[in-house]
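Please look at the structure below with its side chains displayed. The explanation starts with salt bridges, then turns to the nonpolar cores and to one helix pair.

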Amino acid sequence: MRSALALMLGVVVLASAIAGGWYVVGAVRGDVAIPQFVAARQPQPAANPPTKLAAKDDVEITGAIGSKPATKIAAADPPPVPAPAPIADKACANPDALGVSRVVEIDTTGGPGFGFQHFKQFDFLTDKEVVLTFDDGPWPGNTPAVLKALDDECTKGLFFSIGKHATFHPEILRQVLAAGHTIGAHTWSHVNLNGKKMTEQMDKDEIEKGFSAVKWALGTEPSPFFRFPELQHNPAMVTYLGTRNVAMFSCDIDSHDYKHDSTPEKVVSTVMGELAKQGKGIILMHDFQKRTAEALPTLLKQLKAGGYKVVQIKAKGSFQTLPDYDEAFAREMKLPTTTAKPISSVVQTVMSK
Ligand SMILES: [Zn+2]
């Protein structure tokens, strides 16, 4: 409701405030190789392996995702044209829709954190209010199904895209934006930023490159919202994100939809069960997951039936990417490692016996 804008929560925090409320979960991660992005930022483009992005999924997606992309990025593809402006709220065709009860605008100055699993400073939801969040997309099939379910209920979500997935499927991420949802970032390759092999520079690269990739895919700046992969809140990066004026989102209710034994039914029962206990909260789901896409129509109906109301999250400003990362990323995307040319224009027989 437009009138609900009057209720918007303006959140301003000092950088020092980020010290409150979070804790660090013990690091558990595999040996994930990180692209040599630092090298790419130095004036030695030749140092880049020519097959970097196009080579394939050279960075293993962590267990929270569980499977590898089915497609590779085609480095020869041109960057998307600038995205269309998000569609303004259109009339809702569903009279019984869940809808959006309140729109909250967040001032991300200083890097506030949200979600009581890690950040307890800002308790901005009232009883029965929920925030729908979706991680790890964009992904063919599943993300569009999530978008349809949200659209059928005239409601809005907050999406945390993996940078790499954004480069695989920029057109899907642009659909998310065009549908009026909010898009933040979730690192470049979904590594655990608390991982033992990660340096502070590698962590920063994961964050910045993730944002630059999402910006590239969208053709416009994403919201300055971030979620740590596996909710692994690296203390130095919490501080760093504060200096970058990025709000961090943990969660209140984990749908556990990434678990291999999860099902659409379990996703619904887990979320509704936790809501019955907690009464409100930021709900963590994954538009990457098929079971979540399948569960969402039922879940949204049960939220409505249970008297829950969706709060839409927006940012007061947009994320300002760092030029070094944008340029390095653009260089990587243009590396001539794949081509759309027909073979006859590439390989010609000039002599045969
Ligand atoms: Zn994730």
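**Salt bridges, cores and a helix pair**

K215 and D326 form a salt bridge, with the closest N and O atoms 3.2 Å apart; the term requires a side-chain nitrogen of Lys or Arg within 4 Å of a carboxyl oxygen of Asp or Glu. This is a predicted model, in which local features need pLDDT of at least 70 and side-chain atom pairs count only at pLDDT 80 or more, while totals for chains, interfaces and linings use all residues. Residues are numbered from 1 along each chain as its sequence is written, and side-chain values use heavy atoms, with hydrogens and water left out.

K215 lies in helix α5 and D326 in helix α9, so the pair links distant parts of the chain, 111 residues apart. Helices (H or I, at least four residues) and strands (E, at least two) are DSSP runs, numbered from the N terminus. K215 is partly exposed at 23% relative accessibility, and D326 is partly exposed at 21%. Buried means under 20% relative accessible area, exposed over 50%, and partly exposed in between (1.4 Å probe, protein chains only).

A salt bridge also joins the side chains of E332 and K209 (3.2 Å, N to O). E332 belongs to helix α9 (residues 323-334) and K209 to helix α5, so this pair ties together parts that are 123 residues apart in sequence. E332 is buried at 1% relative accessibility, and K209 is buried at 2%. Within helix α5, E200 and K204 lie four residues apart, about one turn of the helix, and their side chains meet in a salt bridge (4.0 Å, N to O). The structure holds twelve salt bridges.

Of its 54 residues, L132, L275, L296 and L303 touch the most other members. Apart from this core lies another, of 19 residues, among them F160 and L284.

Elsewhere, helix α2 (residues 142-152) packs with helix α4 (residues 170-178) at an angle of about 10 degrees, their axes 10 Å apart. Axes are lines fitted to C-alpha atoms, for helices over the stretch in contact, and angles run from 0 to 180 degrees between N-to-C directions. The two helices are therefore roughly parallel, as angles under 35 degrees count as such.

How values were computed. Angles under 35 degrees count as roughly parallel, over 145 as roughly antiparallel, 65 to 115 as roughly perpendicular and the rest as oblique. A nonpolar core is a set of buried Ala, Val, Leu, Ile, Met, Phe, Trp, Tyr and Cys residues joined through side-chain atoms within 4.5 Å.
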